[in-house]
Amino acid sequence: MPDGAAPVLDVRGLKTVFRTRGGEIHAVNSVSFHLKRGEVLGVVGESGSGKSVTMMSLIGLLPSPPAEIRGGEVMLGDRDLLKIDAEELRQVRGAKVGFVFQDPMTSLNPVFTVGMQIMEPLREHMGLDKQQAEARAVELLQLVGIPDAAKRLKSYPHQFSGGMRQRVMIAIALACNPDVLIADEPTTALDVTIQAQILELVKELRQKLGMAIIWITHDLGVIATVADRVMVMYGGQVVEHGPVKELFAFPRHPYTRALLKTIPSITGHREARLQVIEGQPPILNATPTACPFRARCPHAMEICSRENPARRAVDAAPLGHGHDVACHWSPPALHEAAHA
Amino acid sequence: MLTYTLRRLLLAIPTLLLISLVIFLLVDLAPGSPASEIPLTVPPEVREKILEALGVNEPLHVRYLLWLKQFFWIEPLNGIDALFGTGFAEGMQRIISYQTRSPVFPLIAERLPQTLTVIGTAYLVGVMIALPIGIYSAYRQYSLFDQFGTMFAMIGFSVPTFFTGTVFIIVFGVWLGWFPTKYDTTLEVTDWASFLRQLRQMAMPVMVLGLANAAAISRYMRSSMLENMKQDYVRTARAKGMSERTVVLKHVLRNSLIPVVTIIALGIPSIFGGAIITENLFGVNGIGAALIGAIRGNDLPMVQTLAFIFAILIVSFNLIADVLYGLLDPRIRYD
């Protein structure tokens, strides 16, 4: 990717808190990342690591209350999405930022035709009239590979299969040519062959349309196929970030390393048990003052319970542009290997 | 859809026949007979004659079949005669009320407009109050408005209409004197002044029944909205950048209305049957009052006919509710 170009999306120090009866839950803690045009950023982490909440915070999709965004800035172009009012933010959603959700079976409204659901944002944001919107909807359905598009506009969601519905969801998200497409585990609810089709489709669309994509998943295999850069999240913060090849080859953070070990191998001992990361991800009821991973970390040191490690660059690139990690521990052997 | 509707219509015939038999037997087996209405001063042989003339001495199955024939054949023919001035039903025996010795159907036709104006309006008012309350309560769940809505529904649910009706009469009719305490059936709307008087006398029964209806429907509406508000497609609609208004009043409402509309349709027969107490309380001379009067007077043909008409209404509105369900929800296709 061209370095130095202004990012489409630049998130700095995002903090999201849920206020519940049992106290506050700090779901997102000072998350920073940026996204360039045409780039795919993979976001990985187990359930509850704050991946989805981070992305929904960006465009005000979290119900408030209980969610509350405590700080940071989300620059989309030259606008800070956290500073604009609700009405302006609504104009951004669907127009500048498209969102694809996990479960295509429930994400479409069952009582409206697919065509109507695709045309809705077109008419709202682009001011198209009915004919124009319909023509564009047919175009979009063809773009996402739905055959017989003009006829399918009048179908209801239940008349589509899961994979086809996810294609429709993608068509809706792309309707207004967004700068950023956020895909929140879009292939998790689909079976493997359909998953592969959707992955191919997204890669192809990114080539064609050139928007930036944030791809949330807990499937490392998927990340390896689609992403340019990877951001590993744990306990509501970014623990490691870097170009996909670099990160997979030389994982720095013990959590990333453990995650990579959990991928079952098709070679080697069949009898070997599947690798797991022992323990549970933490529920944070305050801004963490210690490393959130220390309880499950094989390399935990004394400093880990005193100080929450900040992200530090591990290569020559400035922080956030190359490989960086938030950990006190450095793998000694790897350190040399990475710089050899 | 059409074949489904036709099939359901055909199925309704045996259902209704069975219901008619049950109604006929129940009414017939109930204690009391037309004989008890004849004064004791009437000599026994005259009493015998009267009973014979009424056809009461015939065996049960003969009376049932005769009644069926009258209901399904003679009365419709009479209806056609009345409409077009023909003479199909000439000389045929109609269903005769024991009390008035006149045909039952014209009596019912006389009562029906009162019921429809008062009770029908009450139902309509109830629905129109209930839907916005339900929608807004759900949208602002646990807000002050929602709390009041819940309290209002609780009261409407748990306090019977004969109590609220009496309270209304005392407060608004007697103490404040805003509305007349009795409904004047003879009032004819001819000009503005009489229209206002009609409105004033309708106000109390409509409010009492409307509140009772609104209580239940607003609860259904609220819970249906709440259930749908949590759905993923709502998040999708927000992610598309739809306005709150579109999200709630289009995406959520359309889904939430599906069960509520069927509940409203199923409740319509109660306009005729369930309002008996209110009609009696306010002196609305409607069909409910007619039924009460007929029961008191051992007027078996009248009771049987009215009960059976209610049964027909319930069966047909069941069917209408099912068809509406299919029309509103594209996932449901009966064929």
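Q: In which hand does helix 9 of chain B pass helix 13 of chain B?
A: A crossing is left-handed if the near helix is turned anticlockwise from the far one by less than a right angle, and right-handed if clockwise. Helix 9 of chain B passes helix 13 of chain B in a right-handed crossing. This is a predicted model, where local features need pLDDT of at least 70, side-chain atom pairs count only at pLDDT 80 or more, and totals for chains, interfaces and linings use all residues. Residues are numbered from 1 along each chain as its sequence is written, while chains are lettered from A and ligands numbered from 1 in the order in which they are written.

Q: At what angle do helix 9 and helix 13 of chain B pack?
A: Helices (H or I, at least four residues) and strands (E, at least two) are DSSP runs, numbered from the N terminus. Helix 9 (residues 244–267) and helix 13 (residues 300–328) of chain B pack at about 165°, with axes 8 Å apart. The two are therefore roughly antiparallel (angles over 145 degrees, taken from 0 to 180 between N-to-C directions of lines fitted to C-alpha atoms over the stretch in contact).

Q: Which residues meet there?
A: Contact means C-beta atoms, placed from the backbone, within 7 Å. B:Leu257, B:Val261 and B:Ala265 are among those of helix 9 of chain B, and B:Phe317, B:Ala321 and B:Leu324 among those of helix 13 of chain B.

Q: In what order do the strands of the open sheet in chain A lie?
A: Strands pair if DSSP finds at least two bridges between them. The four strands have the order 2-1-4-5, with antiparallel pairing. Strand 2 (23–35) and strand 5 (79–80) of chain A each have a single partner strand, so one side of each lacks a neighbour in the sheet.

Conventions
Angles under 35 degrees count as roughly parallel, over 145 as roughly antiparallel, 65 to 115 as roughly perpendicular and the rest as oblique. Two residues are in contact if their C-beta atoms, placed from the backbone, lie within 7 Å.
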